[in-house]
Structures are given as structure tokens and as C-alpha cells.
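Hi,

Here is the structure I said I would pass on.

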Amino acid sequence: MILQFLAILIFGCVSVDSVKDYGSALGKSILFYDAQRSGKLPANNPIHWRGDSALHDCVVGGWYDAGDHIKFGTTLASSATILLWSLYKWKDGYQRANQLTQMYDMIKWPLDYFLRAWNPSKQEFTFQVGDETLDHNFWGRPEDMTMSRPCKVASVAHPASDIAGETAAALAIGSMVFKDKGDQAYSNQLLTAAESLYKFANEHRGLAQTHTYASKSYKDELCEAGVWLYRATKHQQYLTDAKSMAESGYIWALIYTDKQLSCNQLLYEETKDNAYRTVVVNYFHSWFPGGNTKYTPCGLAWAMKWGSLRLAANSAFIALVAADSGIDAARYRQWAVEQINYILGDNHHDGGCYSFQIGYGSKFPRQPHHRAASCPSKPAPCTSADANSHGPNPHVLTGALVGGPDEGDQYVDVRSDYVLNEVAIDYNAGFHGALAGIVHLQAHNQFPTTHNKCPCNQ
């Protein structure tokens, strides 16, 4: 009774079962990104089982994409943009969670990589490091890689407006975030790179030539970059450019190759034009119960089998952003928190209270499809035998969000099932951002009443 009374006192009329430790989950997500670091690791590296790797890459640093060791510009830029957006918008959420310093440290890693990947004097932008076939034939630690790691580079003759545009967006938000932090020199460096990279992407239009994570359009990424550069510089041309790139058709999901939802939300915030608002409202009409999106028995919005939790979390993130802009705030916040609650334990898997974020609570995945985590500590070798072992990974990949359950809430924690048990930097991004937004709601006494179908009773 005392705990329930305290929950009501702090959060309003909320069932104590619906309240998770969102700040703890946020801190763990930061650790996942730290575990994905490539390059020479800093002295404050918090992941004891990771060391320096890929020091001879054409562009050193950045994050490995998933359980593999490729650096894809598509997911790197998309993830960084969402993460930075959450820091730009909900800095107080990180402060309340005591994770602000850790977040600044974590998010600087991809920003530094983007600065190295873009060569304005040569008009060349490296958007991928590593070959899919060579990489996927290797099961081992990133520290032990010996295979060739070729690069894909965009130029005037071979543009990559989609990835370059999204990277420019991340750099632009980064410039504002670090200006707010008080690091003016770094902010200026980021903004200079953002403007020149955007110019390159906008003037030499075309899609990146890549087989993995291929995009169908570059307009959405250029729109995002335009809005963020407008916010960073107040130059009207950037906003004019962004408006010209906005589209109002059906949007299936917010994912690394489709940012039209973000584009329209950002433009609505800047212009208050109801045409942009309508796109956002129509999207959530499709995603909310009764729309086109399937729901599992326990209430997860389930859009596809690959990364089902990722898509729900991305939508939860945008729902919280939209709510802050005045779009049906109570409903959007409730739905967003319920989706994150499902991920953190309001489900029936393994008897209930199962977290799909590794390391949160007492029940969580032990065999994520992740090479480095599956390897024993050195000097023991790591081979395909470790991929096929039946025991838990030797290292806990703290903070990672797995792909998630099928449409019937069924999930099997087995390393070989890379559909349900893969982890990836883009899987965590919207989830991470939503966590920051929820802690922000707690800080402002705006935490909603929730009604999860399968609440955790522990």
C-alpha cells in the first residue's frame, strides 16, 4: 500500500504495475552503444570485454551496425539523428536519469566519425566500411578481424543524397546540442560540416549505391537536414528547401530508409501548417488500435517480423514528440508509454515480466545474435562453435533491444534466430529516445495513466 500510495503521489493516478525504471533502461541503452564502438577505445571505456578494433579502416571509429562488424552509413546516421533529437528535446530527461554526461560521451563517437567520413575539399563522403559477404563469413571478435574491409565512397559523379542528407541532419543537431553544452568550438566544427555536406547532397542528387538498407528516395533525408539546419542557422532557404521535399502520402513506418514522418512532424513544429499535422495524425490513425497495424494479444503494435519492437519504439518516440507539439497529447503519450512498458516487461513471455532489453530486470534475453558478446574472454579463441553453442553468451550485452516477438507474442531466446534475436544500433534508437521522453514526462508530472493488457505483477 505504501509503494502504491507513493506511485500515485509522484505520478498521478497510475497503476504501480505500469511504472518502470525508465531512467535505468536509458542508462543501459547508452552502454549498448558503447559496446558497438569501433576504433581505438577511450580510457573510460565501460565495456570491459571490448578493445581496440578496425584501426586500419579507411575511416576509423563509428559504430558496428548489429551483431556483425560493418559500418553502414544508413543506420549510423539514422540512429544518431534520433538519439541527438532526443537529447536536443529532452535534455532534462537525461539529467533526471543521471545520464547526461554519459550521453554526451556516447553520442560524440558517431559525430567524430561523420567528421572523418566527409572530405569537403575532395567532395567525397564515405558511407560504408566493410563488405557484407566477407564480414558475414566471419564469426569472432571485432578485435580479431583480418579480412579486407573495403569502403563505399560517394562523390559528385556517384552521389548519396539519402545518407549524406541524414548525416548532415545529425551533424546539425549535434552542433546545437554541443553549443548548449558550452563546447562552442566543437559546435562550430559540426555546423560547418553539416552545411557543406548538405550542399553536396542537395546539389548532386542521387541515391547511394548500396545493396543493404537501400533507400527509395532522398527527399525525406534532405527534408530532415533542411529543418535541422534552419534551426541551427535561421537561414530561411533551408526551411524553403525542406518544404519542397515534404510528401503527404501513406507512411508505413518510421525506419532508417523512410523519414517522411519525421519530415512532416518537424515542418509542423516550424510552420504550424495543418497539412503537415494531418500527415502525422493519419500515420497514428493507422498505427493505433483499429487501424492497419496488427496488435499482439498483449498489446504490442506489430508491423513486421524483422525488428518488431524497433518499429513500435520508433513510433512511440515520434508519438511523444508529436504530443509535445500539441497533437492529442494525452492519447499519444499513453500509447507511447504502453508500448515501452510492453518492451520492459508488460507481457506474458516466460511467465510475465520479461524484458526485451538485455540487462533490465531479472528476465531478459541471454543469447542475442551478437558475435562479440558470444565470444569467451581472451585468450580463448572464438569461432563458429561459439555461434552454435547452447548456453548463454559469455558477456551480457547490457542495454541492447532484441528484434522481438512474433505476432502472437511468441519469442525464443536462441542465438541462431537472427530474426527475433538480432540486435542493432537502429533497433535501440527510437526506444532510447522514447525512454528520454518518458523520463521528461515524469520530471514534469505529465506521466500518463496506462492500461497495459499484460501488466507485470512483480
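Predicted model: local features only at pLDDT ≥ 70, side-chain atom pairs only at ≥ 80, totals over all residues.

Confidence is given by an average pLDDT of 95 for the chain, and 96% of the residues score at least 70.

Now the disulfides. There are five in the structure. Counting bonded cysteines along the chain, the pattern is 1-2, 3-4, 5-9, 6-10, 7-8.

Take cysteine 223 and cysteine 263, whose sulfur atoms sit 2.1 Å apart. The link is right-handed, with 80° about the S-S bond. It connects distant parts of the chain, 40 residues apart: cysteine 223 belongs to helix H9 (residues 219-233) and cysteine 263 to helix H11 (residues 260-271). Cysteine 223 has a relative accessible area of 0%, so it counts as buried. Cysteine 263 is also at 0% and therefore buried.

Next is the bond between cysteine 353 and cysteine 456, with an S to S distance of 2.0 Å. The torsion about its S-S bond is about 105°, which makes this disulfide right-handed. Cysteine 353 is in the loop between helix H14 (329-344) and helix H15 (371-374), while cysteine 456 is in the segment after helix H17 (425-443), so the bond ties together parts 103 residues apart in sequence. Both cysteine 353 and cysteine 456 are buried.

The link of cysteine 375 and cysteine 382 also has its sulfur atoms 2.0 Å apart, but it is left-handed, at -70° about the S-S bond. Cysteine 375 is buried at 1% relative accessibility. Cysteine 382 comes out at 13%, and it counts as buried because the cut-off is under 20%.

On to the annotation. Which residues does the UniProt "active site" annotation cover? The entry, which is unreviewed, gives Asp413 and Glu422. Of these, Glu422 is included in the lining of the largest pocket.

Aspartate 413 lies in the loop between helix H16 (384-387) and H17. With a relative accessible area of 24%, aspartate 413 is partly exposed. Leaving out residues up to four places away in sequence, aspartate 413 touches Tyr354, Phe364, Pro365, Arg366, Gln367, Pro368 and Asn421. Have a look at arginine 366 in particular: its backbone nitrogen is 2.6 Å from a polar atom of the aspartate 413 side chain.

Glutamate 422 is likewise in the loop between H16 and H17. Is glutamate 422 buried or exposed? It is buried, at 17% relative accessible area. Apart from neighbours within four places in sequence, its contacts include Ala66, Gly67, His369, Leu401 and Tyr427. From glycine 67, the backbone nitrogen lies 3.5 Å from a polar atom of the glutamate 422 side chain.

Last, serine 79, which is in helix H3 (residues 73-89). Serine 79 is buried, its relative accessible area being 0%. Beyond residues up to four places away in sequence, serine 79 touches Ile425, Asp426 and Ala429.

That's everything from me for now.

Cheers

Methods
Residues numbered from 1 in each chain as written. Heavy atoms only, no water. pLDDT = per-residue confidence, 0-100. Helix = DSSP H or I, 4+ residues; strand = E, 2+ residues; numbered from the N terminus. Buried < 20%, exposed > 50% of the residue type's maximum accessible area, 1.4 Å probe, protein only. Contact = heavy atoms within 4.5 Å. Disulfide = S-S within 2.5 Å. UniProt positions renumbered as here; feature names shortened; annotations may be inferred. 1 Å grid on protein atoms, 1.4 Å probe; cavity = no way out; pocket = protein on both sides within 12 Å on 5 of 7 lines; lining within 4 Å. Polar contact = N/O pair within 3.5 Å; in protein donor to acceptor, adjacent residues only side chain to side chain.
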